[in-house]
Amino acid sequence: MGRIVFRDLHGLVLLDKPLGLSSNQALQAVRRLFRAAKGGHTGALDPLATGLLPLCFGEATKLAGHLLGSRKAYAATCQLGVTTTTGDREGELVTRRTVPALDAARIEAALAPLRGRIRQVPPAYSAIKQGGEPLYLKARRGEAVEVPAREVEIHRLELTGRAGDELQLEVECGSGTYIRSLAVDLGEALGCGAHLVSLRRLWVEPFRDPVLVTLAQVEAAAAEGDEALLALMRPVAEGLAHLPAVHLDPAQSQAVAQGRRVAVESAQAPVGSCAVFAADGALLALGERDAQGQLRVVRGFNLPPPDQAP
């Protein structure tokens with residue numbers, strides 16, 4: 001195989017990350033198939049997890065930080081009665097305990113304190129850095145790892161099914177939440193311990209009802225040709241679809257492209273974040289309008305006009 005010639009591509013791929021790949025492995029596989037010069041992902045999924053991994057290419061990488069803080073939803077399965085070193089099935093066995101008789105009321109009583117703004121201790125085996133080094137490296141060396149609790153938000157946590165000692169849950173949460181830690185905390189609340197055995201990310205805001213693309217689909221499209229491949233890429237603007245859209249006239253467009261503030265009426269955009277479009281329809285910026293009606297650029301985009309996009 002010849003050397004890959006990478007190119008400038010700008011857009012999003014809503015990947016259904018396969019089981020067993022790290023988020024970066026999945027990103028690099030797709031980036032090579034698209035031959036995209038620049039790529040990133042928005043919020044890592046463990047190799048154990050599957051589901052939505054938004055991949056950003058070219059100018060879309062400027063959205064990564066914005067999307068990292070977005071609300072997310074997961075379907076999770078936890079095994080009661082067994083704890084592991086990692087909080088999931090990839091870890092070594094720590095304890096095995098008898099699972100008590102549990103009815104719906106008792107499970108609900110254990111779930112209730114885990115909703116809302118809660119204090120959560122992230123897993124020792126996590127990518128959180130301490131002293132410039134990921135915690136999982138310290139844990140693998142056998143070092144004692146103390147992870148401080150931090151506040152996270154659980155918008156929704158529901159029991160959706162049960163099969164023997166396995167509980168199926170749906171979780172809607174804010175950024176920074178570890179579903180492994182939720183499984184561990186739930187197990188302790190039930191008095192028997194637990195660990196996560198499967199995890200699937202259902203959606204990430206603003207992609208609430210995503211049409212996912214599998215790695216196999218990307219491979220097949222790449223073999224078919226560029227037209228099929230590029231049909232799988234979503235426009236950068238879809239990453240801001242949940243925000244009000246502001247459409248500027250040519251003079252305003254030029255000012256914003258130069259990083260200058262412009263005045264916009266409240267009818268165009270409320271106070272707060274917005275997606276800013278040029279007169280020709282190209283996405284110009286992630287903007288923010290203040291109470292005085294001034295629109296400033298938070299992140300600017302250098303995208304070709306819509307009729308010139310690949």
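Predicted model: local features only at pLDDT ≥ 70, side-chain atom pairs only at ≥ 80, totals over all residues.

Colleague: How many residues of strand β3 (residues 49-57) are buried?

Modeller: Buried means under 20% relative accessible area. In β3, 9 of the 9 residues are buried, so the strand is largely enclosed by the rest of the structure.

Colleague: Which way does strand β1 (residues 11-17) run against β3, parallel or antiparallel?

Modeller: Antiparallel, with 7 bridges joining the two.

Colleague: How many bridges join strand β2 (residues 39-41) to β3?

Modeller: There are 3, and this pair is antiparallel too. Gly40 has Cys56 of β3 as its bridge partner.

Colleague: In which sense do β3 and strand β12 (residues 194-204) pair?

Modeller: In the parallel sense, over 3 bridges. Here Ala49 stands opposite Leu199 in β12.

Colleague: Now the sheet. What is the strand order in the open sheet of 5 strands?

Modeller: Read it as β13-β15-β16-β17-β14, with mixed pairing. β13 (245-247) and β14 (262-263) are the edge strands; each has a single partner strand, so one side of each lacks a neighbour in the sheet.

Colleague: Inside that order, how many bridges join strand β15 (residues 272-277) to strand β16 (residues 283-289)?

Modeller: Count 6, with the strands running antiparallel. Phe277 is bridged to Leu283 in β16.

Notes:
Residues numbered from 1 in each chain as written. Heavy atoms only, no water. Pairing = 2+ DSSP bridges. Helix = DSSP H or I, 4+ residues; strand = E, 2+ residues; numbered from the N terminus. Buried < 20%, exposed > 50% of the residue type's maximum accessible area, 1.4 Å probe, protein only.
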